[in-house]
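Work through the exercises below with the structure in view. Each task is followed by its solution.

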Amino acid sequence: MTFTTRFAPSPTGPLHLGHAYSALVAQDMAVRNAGRFLLRIEDIDQSRARMEWEDRIYDDLTCLGISWETPVMRQSQRMGIYRDALAGLWARGLLYPCFCNRRDIQQAVSAPQEGAPLTGPDGLIYPGTCHALPRDPGAPLPDKTALRLDLKAAIALLPPRMSFTETGRSGAAEHIRFEPRELPSRIGDIVLCRRDMETSYHLSVVLDDADQKVTHVVRGEDLFDATIIHVVLQHLLGLPTPVYHHHRLIRDSDGKRLAKRDDARSIALFRSEGASAEDIRRMVGL
C-alpha cells in the first residue's frame, strides 16, 4: 500500500503550535516516503464544531506550506457508517446500553480496590454498573443511548496476545505487545457511542483511518495508551492495524502541553505577528 499519513484536527478552536508540529511531521514523513498526506476534519462534536474554525484550519495549514488531497473527509458526513458498525457489534452481543452519568461513575469508583487503577486511556475506568442490565442483541440498535463495549465478551474473540508497531518513541520500530485478558482492569468497558454524538472518537477514528487507507498514524504521545483500544476495535471490525508514530508534545515554559484554549500560542497569532512557515518550523524544533 502507498505510504499514507493524515492530520485530523477538530474545528472547535484555534490550531496551536502543537497542531503545527503534528501536521508538519505527518506531511514530512509522507514526502520522505513518496507517499500521501491527507486531512480529516473530526467534527462529530457538533455542539462545539464551528465552520469558522474549520476555515481557519485550512488557512493555517496553507500558510504552513502544507497541501492535502481533496475532497477532505468530514466525520459529520459519515454518521451512517459509524451507525452500521455499531449495529454489527450490537448484533454480536458486544455492546450494552449505559445510563450512568459522570457523577455516577465518579461515585462508583471513589473507593477502588487496593492496587486497582482509577483511570485508563479513556478516563475513569468504568466499574460495570450497567453491564448486568437485560439486553437483547436481536432488538434494533438503541437510539440516543450511550453504548459500551462489553470487553469480557470481546476478549473471547481476540487472540491471547496482540501487538502494534510503534515508530515514534525511540525512532525505530518497536513491537508493543499486550494481553487482552489484562484489559478489563486497564481500560474497562469503553464508550463506543455517546448519547449526544451517536458515535465516539475511538470508533470513528479506526473506521476513518481504514477507509482513508492510512498506513502510518501520526499523533501526540498523549494518545499512545489509547492505541490499545484502537487495535482491539480494528480486530473486532476486521480492519487493518496501521503503524503508529506517537511524537513528543509541544509544551509551554512550565512544561504544560498546549491546548486549544491557549490562544497565546495559536498559529494565527504568530502569523499575524509576521511569522513565516520556516519561523514556525523553528519554533517547534523542525
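Two strands count as paired when DSSP finds at least two bridges between them. The model used here is predicted.

**Exercise 1. Find the bridge partner of Arg40 in β3.**

Start with the strands. β2 covers residues 36-41. It is joined to β3 by 2 bridges, and the two strands run parallel. Now look across from Arg40: its bridge partner in β3 is Met73.

**Exercise 2. Give the strand order of the sheet, and explain why one side of β1 and of β3 has no neighbour in the sheet.**

The sheet is open and has 3 strands. Their order is β1-β2-β3, with parallel pairing. β1 (4-7) and β3 (73-74) stand at the edges, and each has a single partner strand, so one side of each is left without a neighbour in the sheet.

**Exercise 3. Say which strands helix α1 and helix α7 lie on.**

Take α1 first, residues 17-32. This helix packs on the sheet and touches β1 and β2. Its direction makes about 165° with that of β1. Next comes α7, residues 201-211. Helix α7 lies across β1, β2 and β3, at about 145° to β2.

**Exercise 4. Describe how α3 and α7 cross, and which residues meet there.**

Step one is the axes. Those of α3 (residues 79-91) and α7 come within 10 Å and cross at roughly 110°. Angles of 65 to 115 degrees count as roughly perpendicular. α3 and α7 are therefore roughly perpendicular to each other. Step two is the hand: the crossing is right-handed. Step three is the contact. From α3 come Ile81, Tyr82, Ala85 and Leu86, which meet Leu203, Ser204, Leu207, Asp208 and Asp211 of α7. These residues divide into 6 nonpolar, 1 polar and 2 charged.

Methods
Residues numbered from 1 in each chain as written. Predicted model: local features only at pLDDT ≥ 70, side-chain atom pairs only at ≥ 80, totals over all residues. Heavy atoms only, no water. Helix = DSSP H or I, 4+ residues; strand = E, 2+ residues; numbered from the N terminus. Contact = heavy atoms within 4.5 Å. Axes fitted to C-alpha atoms, helices over the stretch in contact; angles between N-to-C directions. Parallel < 35°, antiparallel > 145°, perpendicular 65-115°, else oblique. Left-handed = near helix turned anticlockwise from the far one by under 90°. Nonpolar A, V, L, I, M, F, W, Y, C, P; charged D, E, K, R; others polar.
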